[in-house]
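Subject: Structure for your review

Dear colleague,

I am handing over the structure below, and I would be grateful if you would look through it before reading on. My notes on what was found follow directly after it.

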Amino acid sequence: MSKRRLSAAVATLALAAATPVLLPAAEASAAACSSYPNWVAGKSYAAGAIVRYTDGKAYIAEHANPGYDPTISTWYWDPYACDSGSGTPVGTFVVSQTQFNQMFPNRSSFYTYSGLTAALSAFPGFATTGDDVTKKREAAAFLANVSHETGGLVHVVEQNTANYPHYCDTSQWYGCPAGQAAYYGRGPIQLSWNFNYKAAGDALGINLLNDPWLVERDAAVAWKTGLWYWNTQTGPGTMTPHNAMVNGAGFGQTIRSINGSLECDGRNPAQVQSRVSTYQRFAQILGVDPGGNLYC
């Protein structure tokens with residue numbers, strides 16, 4: 001898996017345990033989200049407590065905790081489906097847990113479904129833009145690229161430890177406060193380099209420059225870094241992967257934005273085919289046609 005897609009040019013852009021899964025809307029409480037009390041940082045919550053977070057979504061405490069953030073501390077909190085007031089359940093994802101399990105039968109226990117659904121609030125346009133076909137295609141495209149990058153969500157960290165000391169760009173004014181060998185690839189899109197940890201952390205409001213290990217400790221944070229790249233970075237391409245899928249450019253442009261300098265234009269057709277085949281399989285699982293323009 002390559003790190004070339006994460007370059008210094010984008011630097012200026014702005015082990016959670018397995019937890020119970022998001023309840024399907026049919027099983028959720030009929031109460032409106034607004035009926036739950038607002039979450040308060042530092043306030044003690046008993047198991048079973050339901051709160052409304054700052055994003056307007058509801059979360060249920062699966063374990064008692066002293067007011068941890070529901071979108072970060074995913075072992076303590078789970079998303080809880082509720083009614084937005086318009087009759088539309090919120091907190092759901094176009095990929096069900098059953099479909100997620102089918103896509104990733106051998107995944108690491110770190111990559112929880114609840115961690116992914118908890119991360120969605122950071123980028124509310126992801127897999128919610130356009131019609132149902134577009135939403136499902138984007139979800140399949142993201143997860144297919146993630147699968148390729150991590151060996152089917154098996155690898156949480158980069159496997160080649162010899163590369164670890166290479167990801168510190170000392171020309172950046174903030175340096176590498178966590179240590180020269182601290183910024184190796186982590187998470188679903190294998191975030192690497194000190195400048196990318198800073199850019200992602202700044203965008204997410206998390207100090208990843210000083211604590212890059214958080215990406216391998218907390219599933220929701222790991223998923224957020226993958227979604228950060230997908231929704232905000234163009235890499236060697238001309239558009240973000242999110243825009244490629246919602247504007248009809250096709251799956252091939254997501255490959256170009258993620259690793260086009262090494263794989264596209266005939267450079268590595270086997271790797272491209274691996275991504276495309278996975279995308280086609282995931283689209284089939286979601287019951288949607290993959291569309292055209294699959295290759296780059």
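Before I come to the residue that follows one of the helices, a word on terms: helices here are DSSP runs of H or I with at least four residues, and they are numbered from the N terminus. Please also keep in mind throughout that this is a predicted model.

In outline, the protein chain holds 9 helices and 5 strands, and from the N terminus on the elements run β-β-β-β-β-α-α-α-α-α-α-α-α-α. Of the 296 residues in the protein chain, 53% are buried, while the accessible surface comes to about 11900 Å², with 51% of that area belonging to carbon and sulfur atoms.

The helix I would look at to begin with is α3, which covers residues 132–150 and has 19 residues. From its first C-alpha to its last, α3 reaches 27 Å, close to the 27 Å expected at 1.5 Å a residue. Because 15 of its 19 residues are buried, α3 is largely enclosed by the rest of the structure. Just after α3 comes Gly151, which takes a positive phi of about 65°.

Turning to the nonpolar packing, the largest core has 66 residues, and those with the most contacts inside it are Phe93, Phe126, Phe142, Leu143 and Trp223. At least two residues of this core are supplied by each of α1 (97–103), α2 (113–119), α3, α4 (194–204), α5 (214–217), α6 (219–232), α8 (251–263) and α9 (269–285). The largest share, 8 residues, comes from α6. As for Phe126, if its neighbours within four places in sequence are left aside, its contacts include Phe93, Glu138, Ala139, Phe142, Leu227, Trp230 and His242. There is also a second, separate core of 8 residues, which includes Val51, Tyr53, Ala61 and Trp77.

On the charged side chains, the structure holds 9 salt bridges, and three of them are described here in turn.

Within helix α3, Asp132 and Lys135 lie 3 residues apart, about one turn of the helix, and their side chains meet in a salt bridge with an N to O distance of 3.9 Å. Asp132 is exposed, since its relative accessible area is 53% and the cut-off for exposed is over 50%.

A second salt bridge joins Arg275 and Glu149, whose closest N and O atoms are 2.7 Å apart. Because Arg275 lies in helix α9 and Glu149 in helix α3, the pair ties together parts that are 126 residues apart in sequence. Buried means under 20% relative accessible area, so Arg275, at 1% relative accessibility, counts as buried, and Glu149, also at 1%, counts as buried.

Arg186 is buried, with a relative accessible area of 0%. Finally, salt bridges that share partners join Glu149, Glu263 and Arg275 into one network.

With best regards

Technical notes:
Residues numbered from 1 in each chain as written. Predicted model: local features only at pLDDT ≥ 70, side-chain atom pairs only at ≥ 80, totals over all residues. Heavy atoms only, no water. Expected span 1.5 Å × (residues − 1). Buried < 20%, exposed > 50% of the residue type's maximum accessible area, 1.4 Å probe, protein only. Core = buried A, V, L, I, M, F, W, Y, C linked by side-chain atoms within 4.5 Å. Contact = heavy atoms within 4.5 Å. Salt bridge = Lys/Arg side-chain N within 4 Å of Asp/Glu carboxyl O. Areas by Shrake-Rupley, 256 points an atom, 1.4 Å probe, with all protein chains shown as cover.
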